[in-house]
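This briefing concerns the structure shown below, which is a predicted model. The points that follow are grouped by topic and are meant to be read with the coordinates open.

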Amino acid sequence: MKNVQISEELFVAIMRYFMLEQEELLPQIKQGLEKKLDAMVMRELYTKYKTAPTEEKEKARKEYLDRRGVPESFRW
């Protein structure tokens with residue numbers, strides 16, 4: 001099992017939400033967790049692009065660039 005690091009700000013918001021029941025923090029927590037999940041997915045795609053066998057490498061590269069928003073005309 002891998003470890004995941006989050007910002008101290010997000011950690012404190014999660015703690016305040018659960019320990020002090022501050023419901024107003026829920027949108028901030030959701031946004032922070034979605035941002036972290038997106039970063040994890042991007043990192044996994046980049047790693048796959050760099051380390052996968054040739055057949056999978058091009059597929060991972062294309063998906064990574066699509067998620068990054070790089071236009072087709074700008075790619076090599």
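Helix 3, which covers residues 54–68, has 15 residues and reaches 21 Å from its first C-alpha to its last, close to the 21 Å expected at 1.5 Å a residue.

**Helix 3 and its surroundings**

- The residues of helix 3 that count as buried are A60, R61, Y64 and L65.
- Seen down the axis of helix 3, these buried residues fall within an arc of 130°, so they line one face of the helix.
- The partner against which the buried residues of helix 3 pack is helix 2, which runs over residues 26–51.
- On the other side of helix 3, by contrast, E55 and K59 are exposed.
- Helix 3 is followed by G69, a residue whose phi is positive, near 85°.

**The nonpolar surface patch**

- V4, I6, F11, V12, M15, F18, M19, L20, L37 and M40 together make a nonpolar surface patch of about 970 Å².
- Helix 1, which spans residues 8–19, and helix 2 each supply at least two residues of this nonpolar patch, and helix 1 gives the most to it, with five residues.
- M19, one of the patch residues, has its place in helix 1; its relative accessibility is 62%, and because exposed means over 50%, M19 counts as exposed.
- F11, another member of the patch, also lies in helix 1, but with a relative accessible area of 45% F11 is partly exposed.

**Positions compared across the chain**

- F11 and G32 are 21 residues apart in sequence, and their C-alpha atoms are 9.6 Å apart in space.
- P71 has its place in the segment after helix 3, and with a relative accessible area of 45% P71 is partly exposed.
- P71 and V12 are 59 residues apart along the chain, and the C-alpha atoms of these two residues are separated by 38 Å; V12 is among the residues that make the nonpolar patch.

Conventions:
Residues numbered from 1 in each chain as written. Predicted model: local features only at pLDDT ≥ 70, side-chain atom pairs only at ≥ 80, totals over all residues. Heavy atoms only, no water. Helix = DSSP H or I, 4+ residues; strand = E, 2+ residues; numbered from the N terminus. Expected span 1.5 Å × (residues − 1). Buried < 20%, exposed > 50% of the residue type's maximum accessible area, 1.4 Å probe, protein only. Arc of directions from axis to C-beta. Contact = heavy atoms within 4.5 Å. Patch = residues over 30% accessible without salt bridge, like charges linked within 9 Å, V, L, I, M, F, W, Y side chains within 5 Å. Areas by Shrake-Rupley, 256 points an atom, 1.4 Å probe, with all protein chains shown as cover. Salt bridge = Lys/Arg side-chain N within 4 Å of Asp/Glu carboxyl O.
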